[in-house]
Amino acid sequence: MVDRRTKPGSAPMTTADDGSRQQRLPDDARSTADAVAAFVAQAKAMAPAAQGTRGRLVFALDATLSRQPTWDMACALQADMFREAAALGSLDIRLVYYRGFDECRATGWISDSAELARLMGKIDCRGGQTQIGKVLAEARRHATASGIRAVVLVGDAMEENVDVLCAKAGELGLLKVPLFMFQEGNEPAAEQAFREMARLSGGAWCRFDPGASAQLRDLLRAAAAYAAGGRAALLRLAGSEAGAARLIGQMK
């Protein structure tokens with residue numbers, strides 16, 4: 001059901017399977033030369049996030065059919081992100097997921113782990129191709145409009161134009177928004193793309209084994225620490241957790 005109250009040019013809000021209000025993400029329009037120049041100027045003018053402000057993290061998940069076991073695992077682990085951030089300040093998470101035929105949705109900003117778990121628990125995985133480009137476009141919109149500190153993407157495949165994705169990753173790098181690309185398994189094309197996207201954004205790529213909840217938990221906790229407290233918080237966590245050490249070792 002489309003919400004007719006949405007503003008002209010904005011993506012319509014739809015009612016998800018669980019009755020919650022979620023935004024269906026639009027296709028990203030190709031940038032013109034003038035738009036690129038304006039974006040670069042804006043990126044150079046942006047100030048870093050102020051100390052003490054709420055951290056914002058875009059948490060993106062591949063919800064295609066092969067991902068159901070990892071989706072369930074992420075549901076069980078997501079509270080650890082909030083707990084890690086609570087020790088440093090506060091954290092808001094925007095869940096973005098893609099699945100099925102051209103379906104990519106985003107929740108509002110969530111500051112409560114129970115609410116995030118409730119929403120994730122109502123979403124089932126469906127067959128379809130990756131839509132990472134839409135995730136990156138959504139992250140860029142929020143980076144320029146309201147400020148985000150990091151993007152986490154958990155997936156096992158890449159079925160899009162890698163050069164287009166890398167260009168978007170580079171734009172996030174200009175905005176000082178690192179991509180933390182967490183790859184399940186060892187699909188070569190996904191690894192090549194994820195590694196390069198992470199590098200261009202100033203972020204990090206890490207692989208975790210299928211079903212390895214401890215590995216994914218450490219990576220998510222490290223990303224949350226960065227989103228809530230910046231590089232200094234990630235450095236402190238790296239002294240005691242392998243996941244944080246893996247991230248900070250790659251970040252520029």
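Predicted model: local features only at pLDDT ≥ 70, side-chain atom pairs only at ≥ 80, totals over all residues.
Me: Where is Ala 106 found, and what does Ala 106 touch?

Reply: Ala 106 belongs to strand E5, residues 103-110. Leaving out residues up to four places away in sequence, Ala 106 touches Gln 22, Gln 23, Leu 25, Arg 94, Leu 95, Val 96 and Glu 138.

Me: Let's turn to a loop. Where does Thr 130 lie?

Reply: Look between helix H3 (113-121) and helix H4 (132-145): Thr 130 is in the loop there. Thr 130 has 7% relative accessibility, so this residue counts as buried too.

Me: Which side chain makes a polar contact with the side chain of Thr 130?

Reply: That is the side chain of Glu 160, at 2.8 Å. Sequence distance and spatial distance can be read side by side: Tyr 98 is 32 residues from Thr 130 in sequence, with 7.0 Å between their C-alpha atoms.

Me: How do H2 and H3 pack?

Reply: For two helices, read the angle and the distance between the axes. Helix H2 (residues 68-86) and H3 meet at about 170 degrees, with axes 9 Å apart. An angle over 145 degrees counts as roughly antiparallel, so H2 is roughly antiparallel to H3. Residues making the contact include Trp 71 and Phe 82 of H2, and Leu 116 and Met 120 of H3.

Me: How many residues of that contact are nonpolar, polar or charged?

Reply: The contact of H2 with H3 has eight nonpolar residues, three polar and no charged.

Note on methods: Residues numbered from 1 in each chain as written. Heavy atoms only, no water. Helix = DSSP H or I, 4+ residues; strand = E, 2+ residues; numbered from the N terminus. Buried < 20%, exposed > 50% of the residue type's maximum accessible area, 1.4 Å probe, protein only. Polar contact = N/O pair within 3.5 Å; in protein donor to acceptor, adjacent residues only side chain to side chain. Contact = heavy atoms within 4.5 Å. Axes fitted to C-alpha atoms, helices over the stretch in contact; angles between N-to-C directions. Parallel < 35°, antiparallel > 145°, perpendicular 65-115°, else oblique. Nonpolar A, V, L, I, M, F, W, Y, C, P; charged D, E, K, R; others polar.
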